Amino acid sequence: MWPEALENGKNTEKAMFYAQQLQGKLDNAPDDWLVFEGEYNSQYTDHFAMEADNANCWFDQSKGNMHVVCGTQSPQELFKWMPELLSKSTFQSTRFFLHPAYTVGYGSKDATIFPYYGLIAALYADGKPVRLANNRFEQFQATMKRHPFTMKNRLAVDRKTGKFQIFKQDLTANGGGRANFSNSVAFVGTTAAQSIYYMPNSDLTATAIYSRMPEAGSFRGYGTLQSMSATELMVDEIAGQLNMDPIELRLRNVFKSGMKNTQGAIPAGHLRGEEILRKAQKHAIWTEREERKQAYETAHPEECYGVGFACVQKDFGHGAESAFSEVRLTPEGRIEVRNTGAEMGTGYSTGQAAVVAAWLGRAADQVRTAEMEWDDMQMYDTISPYFISQEEQDKAIQDPRWTPLLLQASSASNSAYYFSFPTLEAARVIFRHGLWPAAQEYWQRGIGGGQSAPYVVREENARWEAGHLTARGMEPLPLEFLAKRAHEMGLVTGVISHAFNRWAWSRADYEINGRSENLPLDGLAVQYGTGATDAQKSLMTSKRGYHLLTRKNTYIPPTQRNNAGVTYYSACGTFVELAVHTGTGKVSLLNHHTFLECGNTLVEQLVSGQIQGGTAMGIGHALYEEMPLYEDGPGNGTWNMNRYHIPRASEVAVWQQTSEILPPLSRTDPPKGIAEVVMIPIVGAIGNGVAHAIGHHFRSLPITPDKIREVL
């Protein structure tokens, strides 16, 4: 038997031993413990992306060229697998051209099989272009769905202190007929189940099954919507049994900075869930909830008023993030950005334009997304970053062109932080090795060292003010002037960077223009300005005219980090005011308020849009959206909007909703991924609000009028 297998066997045996110990404690709990048990069910839903799946393909038989135009979140997957598929066919396809377009997906355009149908159809189309596009019936029938979850939870709580003692969960995810991230979705859902709470002891089990329903796969929330919503419903029900204020119970158990999550990882930076809870505890919606309930029900005798709250913290990222990014500064001061991420209507391209301003003084003039050609870097990967052993990684790292992961999909809320990171680092290299030396040279001109000599001017003093660079009273210099000077001096004016993250960034040493620097990048190429020396020009030999640097002293985060799991979190809490009609069972949202922590915002309007859109999706999950799993479900081809209820503007309190974004701790806080977290707490808040209104805690979603009428 291999040593790895022996070690895994020992670890499994050890885990089962501890699991049995926890089971024994739950079964024989002391009298001063409350052991809560509940089964929660999260339903089967459709993505309902407004753009249905589509692909335009053309096979030029005379030249052997295959062209594919499609919207996709994962162009790198098509770029890799479509040529391999073509190579195994009898058609003489010699070149492959992928044209990824802007799209919207919520996960439905990630690892989807649909573009391959277009590719194959084009091969048999006798040279004619082929357009495949689902109508709404076909979209319901064929596209990926959200996994329905069954979660059996047990939580032991000390009655005196309210402190959580042991959390046990058995989770089952139904993946349908084709495997699409089901194992991963179940795993992520389970690891997220602790939500904002510190669980000193936990036993979490996840199982993904297959069935005859249409496939479930990648979907905004990725299992965490299901598991954390259940946790938030559970915590409120426990608070009722303890006769304790629900927010106070949350505060007694909130996950704080430096604590370990259920997998053993310590999250990055300061966790701000407690800050949101304290804000919520003082909010008028909460402090006045009983008075508002009495007043509303007096004015509306056929309705019951309720207030609900929930708060979660959601990880962002996969555990293997990678991206290329190029930032170029023209002699005229024009900023151009290329990046591997795909634009899905999230404003990703706008964020990429904005992020460079921190180092270059203003937003980019041009941004090109979903770029797949990065031959300048000559980098490659060999094995999945999730399954590579530490020994294999240690061996592969000896090659300075190897990376654990070359490219990846736009998903898991990874654009604001991960995809912006190499862009930001590229802009920083241009500043440090291009603009700053150009500014210094100008400020030091003249007798005795020029205007800077009387002062001590350091790089850390540099500030961009109204598009001009200054430092400790130096003459403000516009970007256009500095770009021209940097080019004339042959300084660094273009950078291509590659970054890899396994819950921490890879690092390496690089020598740039004679200066050694340790950077959080595992690949770097630089371009010198138009005034470069012959020696510099001789180094810029790549396709786009870059000098490919050779990294040294490379550090790549150990493979063990994926065992401990996530480190990057953003927190979000939501209040809901609602009314339940006692005759019809209809739930009406009167108001909702969201608290969000997202670091430094790149574009505040985009964050607002994410809050509003994500909240609407959460409302749909809590109250409306549902489909049967099997023969009566979407696979039978009869489903459309007449049967599938997505929330309308009148159902999401569109004119009353409010939100507040926590200010960053400092201007150096990184931006955080928030596209998924904003949709989750409103689900639990609605369930808890219904319980406050009618006195019944629902454990199965959605909470429909029929279910409410059964208990009234």
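At 14% relative accessibility, T369 counts as buried, where buried means under 20% relative accessible area, exposed means over 50% and partly exposed lies in between (1.4 Å probe, protein chains only). The structure is a predicted model, in which local features need pLDDT of at least 70 and side-chain atom pairs count only at pLDDT 80 or more, while totals for chains, interfaces and linings use all residues. Residues are numbered from 1 along each chain as its sequence is written, and side-chain values use heavy atoms, with hydrogens and water left out.

Leaving aside residues up to four places away in sequence, T369 touches Y102, N339, G341, E343, Y348 and S349, contact being heavy atoms within 4.5 Å.

The buried residues of α3 are F114, P115, Y116, G118, L119, A122 and L123. Their cover includes the strands β3 (54–60), β4 (65–71), β5 (95–101) and β6 (130–133), together with helix α2 (75–87).

Charged pairs are the next theme. Side chains of opposite charge can pair when their charged atoms come close. With a salt bridge taken as a side-chain nitrogen of Lys or Arg within 4 Å of a carboxyl oxygen of Asp or Glu, the count comes to 37 salt bridges. One of them joins D203 to K168, with the closest N and O atoms 3.0 Å apart. D203 belongs to strand β10 (residues 202–209) and K168 to strand β9 (residues 164–174), so this pair ties together parts that are 35 residues apart in sequence. Both D203 and K168 are buried.

A second salt bridge brings together the side chains of E232 and R250, at 2.9 Å from N to O. Here E232 lies in helix α6 (residues 224–242) and R250 in helix α7 (residues 246–253), so the link connects parts that are 18 residues apart in sequence. E232 and R250 are both buried.

E425 is buried, with a relative accessible area of 10%. Elsewhere, salt bridges that share partners join E326, R338, R368, E371 and R544 into one network.

Two helix pairs can now be followed. Two packed helices are described by the angle between their axes and the distance between the axes. Axes here are lines fitted to C-alpha atoms, for helices over the stretch in contact, and angles run from 0 to 180 degrees between N-to-C directions. Helix α5 (residues 182–192) packs with α6 at an angle of about 25 degrees, and their axes are 8 Å apart. That makes α5 roughly parallel to α6, given that angles under 35 degrees count as roughly parallel, over 145 as roughly antiparallel, 65 to 115 as roughly perpendicular and the rest as oblique. At the contact, V188, G189 and A192 of α5 meet T224, S227 and M228 of α6.

The second pair consists of α7 and helix α8 (residues 273–282), which pack at an angle of about 160 degrees with their axes 10 Å apart. That makes α7 roughly antiparallel to α8. From α7, the residues I247, E248, R250 and L251 meet E274, L277, R278, A280 and Q281 of α8. R250 of this contact is also the partner of E232 in the salt bridge described above.

Some backbone features complete the picture. The peptide bond from L701 to P702 is cis, with omega near 0 degrees, and P702 sits in the loop between α19 (681–694) and α20 (705–711). A466 has a positive phi of about 55 degrees although this residue is not a glycine. Its place is in the loop between β15 (462–465) and β16 (468–471), and A466 is exposed, with a relative accessible area of 80%. N513, likewise not a glycine, has a positive phi of about 50 degrees. This residue lies in the loop between β19 (507–512) and β20 (515–519), and at 36% relative accessibility N513 counts as partly exposed.

Terms used: Helices (H or I, at least four residues) and strands (E, at least two) are DSSP runs, numbered from the N terminus.
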